[in-house]
Amino acid sequence: MDKLISLLDNNQVDFEIINHTKQINSAKEGAEYFGIDIGQTAPTLILKTDKGYYSVIVSGNYGRVDLGAMKEILKVQEIRFAKPKEVEEATGSRIGSVSLINPNLSTIIDRELNRFSYVYGGTGKAESTLKISPKDLERLNNVIGYIR
């Protein structure tokens with residue numbers, strides 16, 4: 001988490017790390033816990049393809065990620081959600097707490113996150129959440145495409 005905070009500070013990002021006593025396991029739980037619109041929650045999903053790992057940051061109201069559409073955006077032959085061990089290998093974090101900021105992974109972002117001043121998502125640690133603007137989220141990740 002120190003690396004994340006240093007990255008945010010060095011890039012003069014307006015952010016907040018919110019510590020909590022329980023792990024938040026879904027967009028619905030996050031929205032209820034923080035008293036925010038479910039669309040402000042921003043889960044980071046990890047995809048495994050024949051070309052490596054990618055992250056997808058979606059708005060909590062997105063629904064299911066269409067792997068067929070992802071295949072076209074990424075121009076890959078094979079694609080699936082990464083298994084728990086692969087998520088840890090690619091990000092250093094467990095499923096459910098993957099950081100919103102993964103500059104080493106090519107990332108696809110849901111444009112619907114831009115409806116909000118701030119979005120909430122993982123820090124890499126289960127009992128904390130990052131509050132950040134969608135603009136900074138995009139600036140600090142290696143964004144290669146968009147959905148919606």
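Colleague: Happy to start with the largest pocket: which residues lie nearest its centre?
Modeller: Keep in mind that this is a predicted model. The largest pocket has a volume of about 540 Å³, and 27 residues line it. Nearest its centre lie Ile24, Pro43, Thr44, Gly96 and Ser97.

Colleague: And how many charged residues does that lining have?
Modeller: Among the elements that each supply at least two residues of this lining are α2 (27–34) and β2 (44–49). By class, the lining of the largest pocket has 14 nonpolar and twelve polar residues, and the charged count is one.

Colleague: Let's move on. Which element gives the most to the lining of the second largest pocket?
Modeller: That pocket holds about 350 Å³ of space. Lys3, Leu4, Thr91, Ile101 and Asn102 are the closest to its centre, out of 15 lining residues. Both α1 (2–10) and α4 (84–91) supply at least two residues, but the top contributor, with three, is α1.

Colleague: Nice. Now the sheet: which strands stand at its edges?
Modeller: The five strands form an open sheet with mixed pairing, in the order β4-β2-β3-β5-β8. An edge strand here has a single partner, so one side of it is left without a neighbour in the sheet; that describes β4 (79–81) and β8 (142–147).

Conventions. Residues are numbered from 1 along each chain as its sequence is written. This is a predicted model: local features need pLDDT of at least 70, side-chain atom pairs count only at pLDDT 80 or more; totals for chains, interfaces and linings use all residues. Side-chain values use heavy atoms; hydrogens and water are left out. On a 1 Å grid over the protein atoms alone, a cavity is a set of points where a 1.4 Å probe fits but cannot get out, and a pocket is an open set with protein on both sides within 12 Å along at least five of seven lines; lining residues have an atom within 4 Å of a point. Grid points are joined across faces, edges and corners, and a volume is the space filled by probe spheres set on the points. Helices (H or I, at least four residues) and strands (E, at least two) are DSSP runs, numbered from the N terminus. Ala, Val, Leu, Ile, Met, Phe, Trp, Tyr, Cys and Pro count as nonpolar, Asp, Glu, Lys and Arg as charged, and the others, Gly among them, as polar. Two strands pair if DSSP finds at least two bridges between them.
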